[in-house]
Amino acid sequence: MELELQHKTVFITGSTSGIGFAMAEGFLKEGAHVFINGRTQNSVDNAIDKLKASVSNANVSGIAANFKDSNAIEIIQEAIPQIDILINNVGIFASKLFEETTDTDWHEMFQVNVMSSVQLSRFFLPKMIAQNWGRILFVSSECAQLVPADLIAYSTTKTALLSLSRGLAQTTKGTKVTVNSLLPGSTLTEGAVEFLKDQASKDGKTEAQVAENFFKTDRNSSLLQRFAQPKEIADMALFLSSPLSAATNGAAIKVDGGSVPGIL
Ligand SMILES: NC(=O)c1ccc[n+]([C@@H]2O[C@H](COP(=O)([O-])OP(=O)(O)OC[C@H]3O[C@@H](n4cnc5c(N)ncnc54)[C@H](OP(=O)(O)O)[C@@H]3O)[C@@H](O)[C@H]2O)c1
């Protein structure tokens, strides 16, 4: 399928590794100009090197900005005044029970997961509407609906993104701009690989056994019964960012391997 993403300018938050990195790689293969983001210049430069090694003629740039810092949005606004596609991908979590989750944890997760998306959308959406084309994608999570007991704060931020996404979509009526959200399920990012390794060494099991057990206990509802690959999430993001997805607006799309029960 020809995704018609050549020469589109894309900014992906939190994209030096994990799902964001897989999205960057996908957009670059389609000929887009991609701005990646991470907290430090060093991690951004390393990721750019990796992307240039994996995609020939990759048109990739980077912006170091930490969304916990109040100047992050200003740095981004100065670096990229205009884009075609914004992927609000950055997301942090703290695996803690509700009573152990501090105000600082709540504020940090809201700042990084929700407010970065609010501030970036407030800056870029009017420009997209003015040029009468654009895509904004919010990366939510299956946790927005599953709400695991140790991830209540994180899950709350991910549910907030769904309202934000739907609300902004409603402001695009009659234009060629769309705003959607994506709800990935458990995905085999570098972080998940580390978790499997740690748990395997603690329990005296193999990583495959830990993964199998995770889907029997924590994600028994998953129909996929395995971790998704980052590329499997990225491919859906690419389609939702493409001109081909023009008829999808205000939608929340599950890429969770069927872990959230129900048809819709
Ligand atoms: N992985 C999953 O199973 C899963 C499932 C459902 C939803 N999601 C959601 O999908 C999105 C991506 O998840 P992921 O697992 O790929 O994430 P990840 O591996 O934890 O993401 C790491 C990326 O985020 C950047 N980052 C972290 N904190 C940042 C901050 N304060 N400011 C700027 N960048 C920051 C890192 O940059 P540096 O390290 O270079 O600083 C790196 O590029 C998140 O919104 C997550 O909630 C993930």
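At what angle do helix α7 and helix α8 pack, and how far apart are their axes?

**View 1. Packing of helix α7 against helix α8 in the predicted model.** Helix α7 (residues 190-203) and helix α8 (residues 207-216) pack at about 105°, with axes 8 Å apart, where axes are lines fitted to C-alpha atoms over the stretch in contact and angles run from 0 to 180 degrees between N-to-C directions. The two helices are therefore roughly perpendicular, a term that covers 65 to 115 degrees. F195, L196, K197, Q199 and A200 of α7 meet E207, V210, A211 and F214 of α8, contact meaning heavy atoms within 4.5 Å. By class, this contact has 6 nonpolar, 1 polar and 2 charged residues.

Residues are numbered from 1 along each chain as its sequence is written, and side-chain values use heavy atoms, without hydrogens and water. Because the model is predicted, local features need pLDDT of at least 70 and side-chain atom pairs count only at pLDDT 80 or more, whereas totals for chains, interfaces and linings use all residues.

**View 2. The largest nonpolar core.** This core has 34 residues, and M23, F27, V34, I36 and I87 have the most contacts inside it; such a core is a set of buried (under 20% relative accessible area, 1.4 Å probe, protein chains only) Ala, Val, Leu, Ile, Met, Phe, Trp, Tyr and Cys residues joined through side-chain atoms within 4.5 Å. Its largest share, 7 residues, comes from α1. Apart from it lies another core, of 28 residues, L86, V114, V118 and L164 among them.

View 3. Not counting residues up to four places away in sequence, L162 touches S140, A144, S181, L183 and A252.

Methods:
Buried < 20%, exposed > 50% of the residue type's maximum accessible area, 1.4 Å probe, protein only. Helix = DSSP H or I, 4+ residues; strand = E, 2+ residues; numbered from the N terminus. Parallel < 35°, antiparallel > 145°, perpendicular 65-115°, else oblique. Nonpolar A, V, L, I, M, F, W, Y, C, P; charged D, E, K, R; others polar.
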